[in-house]
Amino acid sequence: MRNLAIGNVGLCGDYEVLEEARRHFNLFLGCDPTALHPDLRTTIYQIVLSLGGDTEYQALKKIYHETKNPDQKLSALTVLGYVTQPALINDALNFSISDEVRTQDLDYLISTLSFNSHSRRTSWVFVKSHWGLFEERYSSNLVALGNLIKDITSNFTTEVDACDVEKFSLTRTSPN
């Protein structure tokens, strides 16, 4: 409950919570692993990244690359999807399909980007334009591919979006 309250207040832009989140994040980056309680780590990552920029984004990518803990690795990867700047959104999308991200993990980042109102449509356009790669990577697990598409498109709210999804799905040869 604590992390939910801190996250909501921080993501709404409360100055004190934001500053405290940044302070703890910077202490954590400065090699103080006790600065971020494990229960609050993802919440703090979300706050500093969604209200931050390239510095915070690069720091989280570094955490993703350097941590040995699988939970921390997935947390850092997932939170990269909270970026709001177009250049970072594009970088996160390209990062998701790079050799640096395991195929079974790429949906964490793409799904978060698709839930993010700043990157939702960009994510859909990206997936459509890289459809062959997604089909290839998910060829042995079409259910996962279907779930990824559902995650990406489930927050669409306009008739134009619905028509785009339908048009795209009618042109695919895959059973999903």
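Let me start with a list of residues. Arg2, Ile6, Val17, Glu20, Ala21, His24, Ala35, Leu36, His37, Leu40 and Ile44 line the second largest pocket. Keep in mind that this is a predicted model.

How much space lies in that second largest pocket? About 170 Å³. Two helices stand out in the lining. Helix 1, residues 2-11, and helix 2 each supply at least two residues. Helix 2 gives the most, with four residues. The lining of the second largest pocket divides into seven nonpolar, two polar and two charged residues. Arg2 and Glu20 are among the residues on that list.

On to the largest pocket. Its volume is about 260 Å³. Which residues line it? Phe28, Leu29, Cys31, Ala59, Lys62, Ile63, Glu66, Thr67 and Gln72 do.

Where do they come from? Helix 2, residues 15-29, and helix 4, residues 54-66, each supply at least two residues of this lining. Which helix has the largest share? Helix 4 does, with four residues. By class, the lining of the largest pocket has five nonpolar, two polar and two charged residues.

Now look at helix 2. In the second largest pocket, helix 2 is the top contributor. In the largest pocket, that place goes to helix 4.

Conventions: Residues numbered from 1 in each chain as written. Predicted model: local features only at pLDDT ≥ 70, side-chain atom pairs only at ≥ 80, totals over all residues. Heavy atoms only, no water. 1 Å grid on protein atoms, 1.4 Å probe; cavity = no way out; pocket = protein on both sides within 12 Å on 5 of 7 lines; lining within 4 Å. Points joined across faces, edges and corners; volume = space filled by probe spheres on them. Nonpolar A, V, L, I, M, F, W, Y, C, P; charged D, E, K, R; others polar.
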